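Colleague: I'm new to this one. Can you walk me through it?
Modeller: Here is the model to look at.

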Amino acid sequence: MTLTPLLPLMYEPLVRTALLEDLGRAGDITADAIVPADRNASLVLRARQPGVVAGLDIARCAFQLVNPAIRLIAERPDSSVVTPGDVIATIEGPARGLLTGERTALNFLCHLSGVATATASLVSAAQGTKARIVCTRKTTPGLRTLEKYAVRAGGGSNHRFGLDDAILIKDNHIALSGDVRTAIERAKAHAGHLVKIEIEVDTLAQLEQVLAIGVDAVLLDNMTLEQLRQAVAMTGDRAITEASGRITAETAKAIAATGVDLISAGWLTHSSAALDIGLDYLGLNRQVA
């Protein structure tokens, strides 16, 4: 599947906000004090650990918002698998701007590459099965679009982007509506013709009740492997099956082997470790072009 890049208008406001947070009230007083204004520099983004790249366009945006003369040339585009020492991109331009944009660019790039890397670990574990790895709404506030893009860069797919994408009935919805049937019937009466309905179940008895009423997808929450196998057999082609809960790179293979259609993991976006990417300087030039 080809990774579609994000449009700049989808991330530029986020990058601008991050830069303004870093620049404060007086700008980069360290770079301005120490680095001559006429200096150019060349540097590379280099992987320090194995992983999957995501966020190069966002990093480029950070540098170019500081100084449009800065150029970032990608060597390993988003979705690329890298090993320690691999050059991800070469960056050239006014030295002050490079130093000023460095931390914001790396914050985005390392975090998003970490999300892509974590996603790729689950995708690899599920290889050979029909299960797709999907993320959730457990995202960093303000960064959902970017983090879900990083999931795609890692080979995963996206769940809902927001509360208006689809109806997902969870245990608290059921409790507050009274019972499963009431919740589903109200959802069907409210949904438009293109809106899918999914419901969370945590027992096979509850699943049987849901299937008798009919929904588009069932979220099989924290079920054992045997329960998942039984749930898949019970459901057949009547609904999409999604496994959730206790998903790790170690458990994903066995969960995928039960025959579920989807495996969702919130930690991909809320708890994945940043990928260690360094900025190495290649040299300085005296005059700004």
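Modeller: One term to begin with: a residue is buried at under 20% relative accessible area, exposed at over 50%, and partly exposed in between, with a 1.4 Å probe and protein chains only. By that definition, 47% of the 289 residues in the protein are buried.

Colleague: Where does the model come from, and how are residues numbered?
Modeller: This is a predicted model, in which local features need pLDDT of at least 70 and side-chain atom pairs count only at pLDDT 80 or more, while totals for chains, interfaces and linings use all residues. Residues are numbered from 1 along each chain as its sequence is written, and side-chain values use heavy atoms, with hydrogens and water left out.

Colleague: How many helices and strands are in the protein?
Modeller: Eleven helices and twelve strands. They are DSSP runs numbered from the N terminus, helices being H or I with at least four residues and strands E with at least two. The C-alpha trace spans about 75 × 35 × 25 Å along its principal axes.

Colleague: Which residues of α7 are buried?
Modeller: In α7, residues 180–190, they are V180, A183, I184 and A187. They sit on the same side of α7, because they cover an arc of only 95° around the axis; the arc is that of the directions from the helix axis to the C-beta atoms. On the other side, R186 and A189 are exposed.

Colleague: What covers the buried residues?
Modeller: The cover includes β7 (167–169), α6 (171–177), β8 (197–201) and α8 (204–213).

Colleague: And what caps the N-terminal end of α7?
Modeller: D179 does, with a side-chain oxygen 3.2 Å from the backbone nitrogen of R181.

Colleague: Changing topic, where is R246?
Modeller: R246 is in the loop between β10 (240–244) and α10 (252–256).

Colleague: What is R246 in contact with?
Modeller: Leaving aside neighbours within four places in sequence, R246 is in contact with N222, M223, T224, T251 and I255. Contact means heavy atoms within 4.5 Å. A polar atom of the R246 side chain also lies 3.2 Å from the backbone oxygen of M223.

Colleague: How far is R246 from L72?
Modeller: They are 174 residues apart in sequence and 39 Å apart in space, C-alpha to C-alpha.

Colleague: Last one: is M10 buried or partly exposed?
Modeller: M10 is partly exposed, with a relative accessible area of 36%. M10 is found in helix α1, residues 8–23.

Methods. Polar contact = N/O pair within 3.5 Å; in protein donor to acceptor, adjacent residues only side chain to side chain.
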